[in-house]
Amino acid sequence: MGNSEVLFKGTIILEIDDSETEAKLTFRPGEEHGEWTREGLFHLFEEKHIKEALDPGALEKAIDKFSRLKEGELSFVVAKGKKPTAAEPGKIIWEKFEMPEDKKAEAERIITEAPSPEVYEVRERRVKVERVEKKKGILPFLHGKEEKTVHWETKEERRRVGIEEKVEDFGFVSEGMLLGTVQPGKQGAEGRTLTGKSIKAPEASEIKVLLGNGVKMSGKEIRAEIPGLARRGSNWVDIIAYLSHKLKIKSSGDNSECLMDFSPGFADSTMPDVSSVLPECEKLGFKRDILKSEEEIREVVAESIANGESLKDYSLCRTEDGKIIINVTPDKLKAELTLIKGRGQGKKLSLKAISEKINSYKFKGMDIARVKKDLLDFYNGKEKKLKNYVLVEGTKPEKGEDGEIRCEFNFISEENAAKLKKQAEERLARLGDIESLKEFPISSVEKIGFVEKGAKVASIVPPTGGRPGKDVFGNTIPGEKGKEAAYKIFENLQASAAQITSKIDGLIESREINGVLELRARLHKNGNARISLSDDAMKAFLTIEPPLGPGAPVNFEAVKKIVDEEGIKKGLNEEALKKAIEKAEKGEAVENMLIAQGKRPVNDTGKKPKFHVQFASGKRVLIRESGRADYKNKDLITTVTKDQLLAEVDKSEIIAEDGWDVMGNVLPAVKQAETVLEAGKNVRKEEGSDGTLKFFAERGGELIYERNTLEVLEVHTIDGDVGVETGNINFAGSVVVKGSVQDGYRVIAGGDIVVGENVQAALLSAEGSIIVKNGVKGAGKAILRAKKDIEAGFIEQATVLAAGDVKVSGSCLRCRIKSNSKVTLDTDKGSLIGGEVRAKNGIGVTNLGSESWAKTTVSFGQDYLVGDRLQLEEKEIEKLKILITKLDAAMKKIERANKGNTEDLERLRKEKVRALKVMENRSHRVFTLKERYEEHIPSEITVRESVYPGVVLESHGRFYEFKKPKKGVTFFFNEKLGSIEEKK
């Protein structure tokens, strides 16, 4: 956009605040108030001598907002100077004096008895000092002369001053201790007006420090010259000379014993409370039975005070030697360590001795890092004894799973089982030759189920060998095999190594005695009758199965009842039914015998067409399952594909006659009037040998059925806008929109999309090309994607994705463009400003970027579709890595809980192997795609007029950033040097 182009019309007011550090632009729109260009705005600032303080980003934002303002008033701060910062006054930062609770009473006594503080204001003064110096004589035996010399020295003068004696803090201090720090005042920082003039900063004020006895000033620090009790007010401090007794209880470095430090103080200092020593030791974790008595401790303290000698690291514990004990269990599956710390004058534990002792056993599989950490924690901790600490555990050998019999049939209910047992006992003669009845009588049967001949009755699972273990020395311990499955089979069953199968159809009877499963198969089946109907209820079939063993036969009453229950009312064949019952009474089987048959209707279908497509309903509002009304997706277009069967017309002539089914339902005949159907544009008519006419679509597109004629339109045309009236468009062919595509709507086409006016914040997706004759005003939401080319008059704030070229007649503003060919803005107004462009074959523009330094990034010379696929593959690999990590964690959890011998563990392992294979295949694809993506595509960036600062060119990870404008340039990627260069 040039400097002379009109940005907006209205009134502009430039306001500067009283401090001359902030400038504000206020705008009121109006055609009658004048036109404003960038040149005019910059002239307005130059009149006020505002240049360096101007914020280009804020000005661009203001221009953007002003250009869209229709009414009212809008203000923006577009320039800022720098206001001066205030000065900070000087202050004293006092240290917090130490005051133990047990010393507080003593301190208060000292302060009460002490005289009032005497404090002085310290000043330095330069004074003249005369000195008499004797000069040596010229010769050794001659007397020298005396000469007076004058020197200037800095002397400290103390002048006593009165103070407010209120004590704000007090506490015991040692010699040289820091009492406070004088923080000088800070000078304020100068400011700067919009025109660059400096604004003077305010001056800082200093603070007066008053020092008393025992206190000195060292630079900016206030320190104690003597030990004693310090007291201070708001700006004064002194020290009352005093040294109290100091007693400190602590643990030794390895926490094995309790130690005491004692320093004797002044003779009149309060005697320390020795009675608190032992309780304090207990707080540190030391028990009374290992400590010296209170009398012994008091004696030692009194002797230290009398002699004036300090005690350092005096042990309060009774003497005991340290111990290291390692115990290995008889099965060698666990090694435990016991440590006892030495105390008093006893021998102390050392980490070296512990390490040598452990290493002497040569354990295998020990977690050295864990053991080292835990032993260091104990050595440095408060515990005196580490008992039965597990150094290493072996792996216990496991017993394998016992063999088992897994029944593969379903048991019937106890109630039904009892009925079958009773029926068998009542009909023992029909059981046949079953020798096991003495050993396994019917009365002892516990469970019963039905079985078919050859079916698996049970699986025989063999025992497994247990997983071997390892002892703490790394030796293998063999695993134990499980027990064999305990079972016994009787008649009509046969067993192999893996299963038990039935030799007959009948019953399976089972019981369990002393852990042994006993099984037997015997013939048993009640006679059974059933009726089956055809799907259309036009036929009824009877099947009768004879009884087996003690099963009950089927009689006439049972069959008649079934016929009535099935509702067979018409077409029953009485003779067939009698023959079936006679066969059943003889014990013979009856299979699917036809006993009833209906009559089908005779339909007169005339010549009415039968359509094989679902025509659009024409509804302009779609009601979803949730009950919400969808106004954007309307059912207005009937879409068909090439060679799709559209309709057929049966030409046969049949006289209609009603029919009926075996249930007695009337089946009315169809009587229809004749309808003529014709084939129109892109529809093919074929006639069959029986005279039937079939209509097929010769092309994909929109099906139109009007005036008994079918035709297929290749192009769907919208006479106006795509919006509320049309809803979203989804069409198999090309789409022509004579108006605009409004906000929030989408057009999806199997061919091209042509828009006569504008595209707003909408989605356009085409299998072919997209042509927008006016332009795109995307508002940051529009998306245009095409498998071929995209052309537009101008594009603003949109995402543009094309497998082919992107061609723009006018400007392209703040867009995201990706082209697997070339981006061309080939007119005088062809400016590409802001946003991000990726073009495999480069770009050709009139202007690139803008005078306002709009950030514009252009990538070229690579296949960006390959780059997209590469990113997708890498994302999938990351997902697989996360999955493998989760699978590893899940397997570890199962192994800790179940020793890893579970079906879930095997399933997770297989899933991990599958994931690793998939990841390996994807990694190969990533490698290939990276090679393809790194291949250079010959391409150029051609700018016919100007390229501005803010523009960045990128290719193969190399960048070229413009710091100043250039005109009429062409850039390319130098493969040999691996850099972006200007073409000379």
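**Exercise 1. Find which backbone nitrogen a side-chain oxygen of Asn 573 reaches at the start of α10.**

*Solution.* Start with the ground rules: this is a predicted model, where local features need pLDDT of at least 70, side-chain atom pairs count only at pLDDT 80 or more, and totals for chains, interfaces and linings use all residues. Residues are numbered from 1 along each chain as its sequence is written, and side-chain values use heavy atoms, leaving out hydrogens and water. Now look at the start of α10: the side-chain oxygen of Asn 573 comes to within 3.3 Å of the backbone nitrogen of Glu 575.

**Exercise 2. Work out which residues of α10 are buried, and what they pack against.**

*Solution.* First, locate the helix (a DSSP run of H or I, at least four residues): α10 covers residues 574-585. Next, apply the cut-offs (buried is under 20% relative accessible area, exposed over 50%, with a 1.4 Å probe and protein chains only). The face turned away from them carries exposed Lys 579 and Glu 585. Finally, check contacts (heavy atoms within 4.5 Å): the buried residues pack against β34 (539-545), α9 (556-565) and β35 (590-597).

**Exercise 3. Determine the strand order of the open four-stranded sheet, and which strands stand at its edges.**

*Solution.* Count strands (E runs of at least two residues) as paired when DSSP finds at least two bridges between them. The order is β23-β25-β30-β29, with antiparallel pairing. β23 (404-407) and β29 (493-495) each have a single partner, so they are the edges.

Key:
Expected span 1.5 Å × (residues − 1). Polar contact = N/O pair within 3.5 Å; in protein donor to acceptor, adjacent residues only side chain to side chain.
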